[in-house]
Amino acid sequence: MKLATKIIHAGAEPDPSTGAIMTPIYQTSTYVQEAPGVNKGYEYARSQNPTRKALEEAYAILENAKYGLAFSSGVAATDSVIKLLNPGDEVIAASDMYGGSYRLFTKVWERYNIKFIYVDTTNPANVQAAITANTKLIWVETPTNPLMNITDIEAIAAIAKKAGALLCVDNTFASPYLQNPMDSGADLVMHSATKYLGGHSDVIQGCLMMNDAALREKLYFIQKSCGAVPGPMDCFLVLRGIKTLHVRMKQHCENGAIIAHHLSRHPAVAKVYWPGFEDNTGYAIAKKQMRDFGGMISFELKDDSISAANKVLSSTKIFALAESLGGVESLINHPASMTHASIPREERIKNGLSDGLIRLSVGIEDAGDLVADLNQAIG
Ligand SMILES: *Cc1c(COP(=O)(O)O)cnc(C)c1O
């Protein structure tokens, strides 16, 4: 089955009680049992909910995985993966990644004696060099947020396998439309469904996909024991959002390419970060593992002062100044003061994330209007 058909039908079975084509929002906390211990597979809604079940099946199908699990947010999904580990275990994580993951690792999990080693995963040799007998997990994001660095998932999967460690890929930026890490050997895929999967900036949710039944059982145990489950209304919103993932993504990619090329020719722009430029170091790998290049773009002005960036950030009329990404509307963001403010400045600069860097989540409005908006804001 081709992607568009899979996306439309993923997890969608007519409701058994009425034939409703859309899975109803099962807004219930519990289920009446026929006799003690005799039930229809549903006992209590933290453990099972039909709306969530439909979505979890859709999640699995989208990533070519056997199983999907939904969580109350992307960071709750990430948190659940770390809960697979024991004190003393080591995680190799990308040095350039989502600020909230970094905060969760350093501020919460390091206190429980889980050790995180940050390396530039774009060079697999760095990952190999960081492997020890205690390495239990490799955490990769590609393309990275916000510098759009590309990591070779296949190469890292081979290293993880040899080391007996799990590889989890945060696939939020690419979405399943552009990239399926399981096909390249990842053990786990994580998404902030808040972004492209939901697609309409109206819900917070996360998910994990996996093939291994034992791993699914462990994560399901964590999901129900720790309780970071999404409500049925939120599951419905993501199920609804997923139905148009392919048409939205096609337009995000088309608009993204137009804007990336426009910015790269703009006299006031010093550098544009977008995976689709042929002279990018990661281009060959992006070509190999992605179907297209997406609508996430970062850029730096020739004037790299915070005030020059601030002028652009406060002058756009269509691009809204906001955190988050992946919705139908275009957003503009200042990583240093917004999404990545939790990373110490020294660390940020070391990782190439300058004070003047501006990030765009290109929406699906008219591309000409978006170009004109950036032109008037950059001046
Ligand atoms: C937003 C985001 C997260 C966290 O997801 P939430 O749904 O906000 O908890 C994780 N990784 C990436 C790449 C993100 O963009």
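Trainee: Which atom of the ligand does T194 face, and how far off is the side chain?
Mentor: This is a predicted model. In it, a polar side-chain atom of T194 lies 2.7 Å from an oxygen atom of the ligand.

Trainee: How many residues are around the ligand, and which come nearest?
Mentor: There are 14 residues around the ligand. V75, D170, S192, T194 and K195 come nearest.

Trainee: OK, new topic. How is the chain divided?
Mentor: Into two parts: domain 1 covers 3–242 and domain 2 covers 245–378. Their C-alpha centres lie 26 Å apart. The contact between them takes 39 residues from domain 1 and 42 residues from domain 2.

Trainee: How much area do the two domains bury between them?
Mentor: About 3400 Å², with 62% of it on carbon and sulfur atoms. On the domain 1 side, Y177, L178 and Y196 supply 23% of the area buried against domain 2, which is more than any other three residues supply.

Trainee: Why talk about area for an interface at all?
Mentor: The accessible area lost when the parts come together is often used to give the size of an interface.

Trainee: Fine. How many salt bridges and polar contacts sit between domain 1 and domain 2?
Mentor: The count is two salt bridges. For polar contact, there are 18 residue pairs between the two domains, with both residues at pLDDT 80 or more.

Trainee: Which helices of domain 1 supply residues to the side that touches domain 2?
Mentor: Helix 1 (3–9), helix 4 (99–108), helix 6 (153–163), helix 7 (175–178) and helix 9 (232–242) each supply at least two residues there. By residue type, that side of domain 1 divides into 21 nonpolar, 14 polar and four charged.

Trainee: Back to salt bridges. How many does a search of the whole structure find?
Mentor: It finds 10. One of them pairs K288 with D152, where the closest N and O atoms are 3.0 Å apart. That pair links distant parts of the chain, with the two residues 136 residues apart.

Trainee: Where do K288 and D152 sit?
Mentor: K288 is in helix 11, residues 283–289, and D152 is in the loop between strand 4 and helix 6.

Trainee: What else is in that loop, say at P143?
Mentor: P143 is found between strand 4 (135–141) and helix 6. The peptide bond leading from T142 to P143 is cis, with omega near -5°.

Trainee: Last one. Is phi of S201 positive or negative?
Mentor: Positive, near 50°, and S201 is a residue other than glycine. S201 has its place in the loop between strand 6 (188–192) and strand 7 (206–210).

Technical notes: Residues are numbered from 1 along each chain as its sequence is written. This is a predicted model: local features need pLDDT of at least 70, side-chain atom pairs count only at pLDDT 80 or more; totals for chains, interfaces and linings use all residues. Side-chain values use heavy atoms; hydrogens and water are left out. Domain bounds come from an automatic or database domain assignment. Contact means heavy atoms within 4.5 Å. Buried area is the accessible area (1.4 Å probe) that two parts lose on being put together, summed over both. A salt bridge is a side-chain nitrogen of Lys or Arg within 4 Å of a carboxyl oxygen of Asp or Glu. A polar contact is a pair of N or O atoms within 3.5 Å; within protein, one must be able to donate a hydrogen and the other to accept it, and residues adjacent in sequence count only if both atoms are side-chain atoms. Helices (H or I, at least four residues) and strands (E, at least two) are DSSP runs, numbered from the N terminus. Ala, Val, Leu, Ile, Met, Phe, Trp, Tyr, Cys and Pro count as nonpolar, Asp, Glu, Lys and Arg as charged, and the others, Gly among them, as polar. A residue is near a molecule or strand if one of its heavy atoms lies within 4 Å of it.
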